[in-house]
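Dear colleague,

Please find the structure below, followed by an account of what was found in it.

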Amino acid sequence: MTPVDNRIEVLILQHPLEAHEAKNSVALLALGLTRVRLEIGERFDAQALSDGLGPGARLLYPQTPMPSTSPQAVENTKFRLPAEAGAVSRLVVLDATWRKSLKMLHLNPALMALPRLALQDLPPPRYRAMRRARRADQLSTLEAVCTALAQLEQDETRYQPMLDGFERFIARWQARAAR
């Protein structure tokens, strides 16, 4: 993995079941970004989480409200990339299945209160060879973070080395799986 000096901090909140997954793209993301913090859990200390977020924090999560999403969360789905680029100092990302990420949102009101960012102009997913996705626009956490940072920092090539490393990781995994 080629390290990249990201300008916007990334906070990854990873579900415990993802932490030991062999196909975990967050491990590569943590190796590749200079400003990244990884916290593992399902429920996080409310005060510590609130203190660490700050006014420039945005949750990278779909614009479309998920089923049973609170009215507050629906109100917070107005920001779209890259329109908010200048106001974002920290990108908060949930690494979990969609069902588990929704549970993490509900268990952590500070996350529910964050303004959300949704990706625009998605690249084709690279991760499909390793994990099933229910929709064609679902990306791995690594792909989503690299895409978001590239859009926010308005530098489409900055994160390409990380995406290239991810493609090599997928190719190696496919070669092992074929044996």
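Helices (H or I, at least four residues) and strands (E, at least two) are DSSP runs, numbered from the N terminus. The model is a predicted one, in which local features need pLDDT of at least 70 and side-chain atom pairs count only at pLDDT 80 or more, while totals for chains, interfaces and linings use all residues. Residues are numbered from 1 along each chain as its sequence is written, and side-chain values use heavy atoms, with hydrogens and water left out.

Overall composition

The protein has eight helices and six strands, which follow one another along the sequence as β-α-α-β-α-β-α-β-β-α-α-β-α-α. Of its 179 residues, 46% are buried; buried means under 20% relative accessible area, exposed over 50%, and partly exposed in between (1.4 Å probe, protein chains only). The accessible surface is about 9300 Å², and carbon and sulfur atoms account for 52% of that area. These areas come from the Shrake-Rupley method with a 1.4 Å probe, and for residues only the protein chains shown count as cover. Taking contacts (heavy atoms within 4.5 Å) between residues at least 6 apart in sequence, 83% join residues at least 24 apart.

The strands around E5

Strand E5 covers residues 90-95, and six of its six residues are buried, so the strand is largely enclosed by the rest of the structure. On one side lie Arg 90, Val 92 and Leu 94, and on the other Leu 91, Val 93 and Asp 95, with both faces covered. Pairing of two strands requires that DSSP find at least two bridges between them.

Strand E1 (residues 9-14) runs parallel to E5 and is joined to it by six bridges; in one of them, Glu 9 has Arg 90 as its partner. Strand E3 (residues 57-60) is also paired with E5 in the parallel sense, over four bridges. Here Arg 58 stands opposite Leu 91, and Leu 59 is the bridge partner of Val 92.

E3 in turn pairs in the parallel sense with strand E6 (residues 116-118) over two bridges, with Leu 60 opposite Leu 117. From E3, Ala 57 and Leu 59 point one way and Arg 58 and Leu 60 the other, and all are buried.

Ala 148 counts as buried because its relative accessibility is 0%.

The packing of H2 and H8

Two packed helices are described by the angle between their axes and the distance between the axes. For helix H2 (residues 25-32) and helix H8 (residues 160-178), the angle is about 145 degrees and the axes are 11 Å apart. Axes are lines fitted to C-alpha atoms, for helices over the stretch in contact, and angles run from 0 to 180 degrees between N-to-C directions.

H2 contributes Ser 25, Leu 28, Leu 29 and Gly 32 to the contact, and H8 contributes Met 162, Phe 166 and Phe 169. By class, five of these residues are nonpolar, two are polar and none is charged.

Phe 169, in helix H8, counts as partly exposed because its relative accessibility is 21%. The C-alpha atom of Phe 169 lies 9.1 Å from that of Met 1, a residue 168 positions away along the chain.

Yours sincerely

Conventions:
Nonpolar A, V, L, I, M, F, W, Y, C, P; charged D, E, K, R; others polar.
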